[in-house]
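Please open the model in your viewer and keep a selection tool at hand.

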Amino acid sequence: MTDTSGLTPSKSNNSNKSNGLETKTESALSVESPAPFAAALREAVRRRGLPLDRICERLTARGIRLTPATLSYWQRDRTRPERSDSLRAVVALEDILDLPPGGLSALLPPQRPRGRRVARTDEHATRRLYGQESWQEQALGESFADFNRDIVVLHTREVLHLDRRGCVRRLIVNHLVRAVADGPEQMMNLHFLDDPDGGLPKATVHCGLLKSLRQDAASGGVMLQIGFGRPLTLGETMAVDYEIRTTPYDRPTGFHERGIRGNQDSYLLHVYFPHDRHPALCHSYYRENSSAPQRKVRPLAVDTTGTAHLYAAQCRQGIYGMSWRWPDDSSP
């Protein structure tokens, strides 16, 4: 089974700063009173008593690159965080500086519109991961460029249940997402099942609202549109929890993958194998894109309960997967 749900936008601009994490504000800001965000950041840094370079080191440990110069600019309101990576840094700063959730991000003004350039950038990020004319692009059609705009996925947990023949029966997915602008109301989740002809699976949404469930006729890919129930505000988090139950089929699977389009705090995959039939080999791997070979291949142990798990922290863009092989004497 290939799972590509919860992909996040990776936005960029043409800033000439080496770290590319800030956007110049109007020059008049330098002579006006500091904006609430700048004042709050400066005061939080003062109270915490950490030098800017130490703060940047702690951000780096979380997989977020930021320079002391950028932090200084933010404190003086010379620049403001606007890109998704910068907004992710702001959320991390709230924890590092002992501020409550939203203590900084809620003070940021709405993102300034960037027109068609944003759409082209998001579209390019997805194509870089899945390649030209991917089934994801064909299934989404015109909405491909705006796929999950204005949200980032912070954490994903998946639980995969296999029957004795090694066929997928249940997939449980938990996301924690954060709005990087005011207004997002939903997210799209895509799954590629092992038997595209097996029919549309059943989906139950435990946290969120199931707005649509459909299957792409050409690829067999399943698309779930899950609503948040209301528009999110900048910096607000939302939990999404749903379950997919497949219709019975006889095609066993030997892997499960998730595509991650932007930086993500963590990903956990937990696979339940049949209690009386465990795989002979099991390993985790990483691929830079859908056409790249497996890298960072590491063996995974199957525990006494017949499960194995893959955990990845500070995920970068790419495809994370687990693969297994059944014993030859028990092959379906």
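**A walk across the sheet**

Select Cys-207 and you will find that this residue stands opposite Asp-241 in β10. This is a predicted model, in which local features need pLDDT of at least 70 and side-chain atom pairs count only at pLDDT 80 or more, while totals for chains, interfaces and linings use all residues. Residues are numbered from 1 along each chain as its sequence is written, and side-chain values use heavy atoms, with hydrogens and water left out.

Strands here are DSSP runs of E with at least two residues, and helices are runs of H or I with at least four, numbered from the N terminus; two strands pair if DSSP finds at least two bridges between them. Now show β7 with β10, which pair in the antiparallel sense over five bridges.

Next, select residues 168-179 and 237-245, where β5 and β10 are antiparallel partners over nine bridges; within β10, Ile-244 is the bridge partner of Leu-171. Then move to β4 (residues 151-162) and β12 (residues 264-272), which run parallel and are joined by seven bridges, with Leu-160 opposite Val-271 in β12.

Finally, inspect the backbone at Asp-150, in the loop between α6 (135-140) and β4, where phi is positive, near 70°. Lys-296, in strand β14 (residues 295-299), also has a positive phi, near 50°. Most residues other than glycine have a negative phi.
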